[in-house]
Amino acid sequence: MSYQEQLIPVFKNLPWPVVVLRPEAPEYLVIEGNKAFLELLSMTNSEIRNRPFLEIFPGRQCMEEFGDDSDVRQALNTVITTGKELDLSERCYYFRQGESQETTRFSCWRPVITPVFGKQNTIEYLIYTMAESTKQELDKQEKQRLAL
């Protein structure tokens with residue numbers, strides 16, 4: 001088994017949502033999402049593969065969004081231009097879940113976009129990783145509520 005083949009199960013089972021994108025603007029087509037990303041969206045890889053990233057995330061699973069995602073495309077463009085990793089500001093969402101899509105899950109995330117370079121020092125992939133920050137956001141809201 002090659003080194004790359006050994007990494008596939010690692011990627012698929014990382015505990016935080018990760019999605020691999022093609023580095024071509026403006027679509028940034030999805031190549032693959034790991035298990036945590038797919039569970040977050042209640043989707044499969046066959047449903048997200050070769051679709052524009054901003055079409056599927058937050059996409060149909062997001063009922064309501066707190067924060068502005070209009071800067072995500074600009075951030076993706078910046079990573080392509082600079083070749084440097086970029087941390088985005090926290091974003092919070094209510095995601096639809098379950099068969100009926102009536103139940104929701106509130107979650108907050110701190111996304112990071114990382115370029116992956118190929119042999120000719122060109123960007124071959126973008127990795128969009130999200131670290132959950134829901135507890136910190138809920139704690140912040142509770143402190144604000146108690147301060148009133």
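**Notes on the predicted model**

1. Pro26 is located in the loop that runs between E1 and E2. The peptide bond joining Ala25 and Pro26 is cis, with omega at about 0 degrees. Most peptide bonds are trans, and most residues other than glycine have a negative phi.

2. As to conventions, this is a predicted model in which local features need pLDDT of at least 70 and side-chain atom pairs count only at pLDDT 80 or more, while totals for chains, interfaces and linings use all residues. Residues are numbered from 1 along each chain as its sequence is written, and side-chain values use heavy atoms, with hydrogens and water left out.

3. The protein chain has 6 helices and 7 strands; these are DSSP runs numbered from the N terminus, with helices (H or I) of at least four residues and strands (E) of at least two. Along the sequence their pattern is α-β-β-α-α-α-β-α-β-β-β-β-α. Of the contacts (heavy atoms within 4.5 Å) in the protein chain with a separation of 6 or more, 45% are between residues 24 or more positions apart.

4. Of the 148 residues in the protein chain, 36% are buried. Here buried means under 20% relative accessible area, exposed over 50%, and partly exposed in between (1.4 Å probe, protein chains only). The protein chain exposes about 9000 Å², of which carbon and sulfur atoms supply 53%.

5. Asn50, in the loop between helix H3 (45-48) and H4, has a positive phi near 65 degrees; its relative accessibility is 45%, so Asn50 counts as partly exposed. Asn121, in the loop between E6 and E7, has a positive phi near 60 degrees and is exposed, with a relative accessible area of 62%.

6. How many aromatic pairs are there? Rings of Phe, Tyr and Trp (its six-membered ring) pair if their centres lie within 6.5 Å; planes under 30 degrees apart count as stacked, over 60 as edge-to-face and the rest as tilted. The count by this rule is 1 aromatic pair. The ring centres of Phe53 and Tyr128 are 4.6 Å apart and their planes stand at 55 degrees, so the pair is tilted. Because Phe53 belongs to helix H4 (residues 53-56) and Tyr128 to strand E7 (residues 123-132), the pair ties together parts that are 75 residues apart in sequence. Phe53 and Tyr128 are both buried.

7. Ser107 sits in strand E6 (residues 103-117). Is Ser107 buried or exposed? With a relative accessibility of 0%, Ser107 counts as buried. Its side chain makes a polar contact with the side chain of Trp109 at 2.9 Å; such a contact is a pair of N or O atoms within 3.5 Å, where within protein one must be able to donate a hydrogen and the other to accept it, and residues adjacent in sequence count only if both atoms are side-chain atoms. Leaving aside residues up to four places away in sequence, Ser107 touches Leu40, Arg91, Cys92, Tyr93, Phe95, Glu132 and Thr134.

8. The largest pocket has a volume of about 540 Å³. On a 1 Å grid over the protein atoms alone, a pocket is an open set of points where a 1.4 Å probe fits, with protein on both sides within 12 Å along at least five of seven lines; lining residues have an atom within 4 Å of a point. H1 gives the most to the lining of this pocket, with 7 residues.

Definitions and conventions: Areas by Shrake-Rupley, 256 points an atom, 1.4 Å probe, with all protein chains shown as cover. Points joined across faces, edges and corners; volume = space filled by probe spheres on them.
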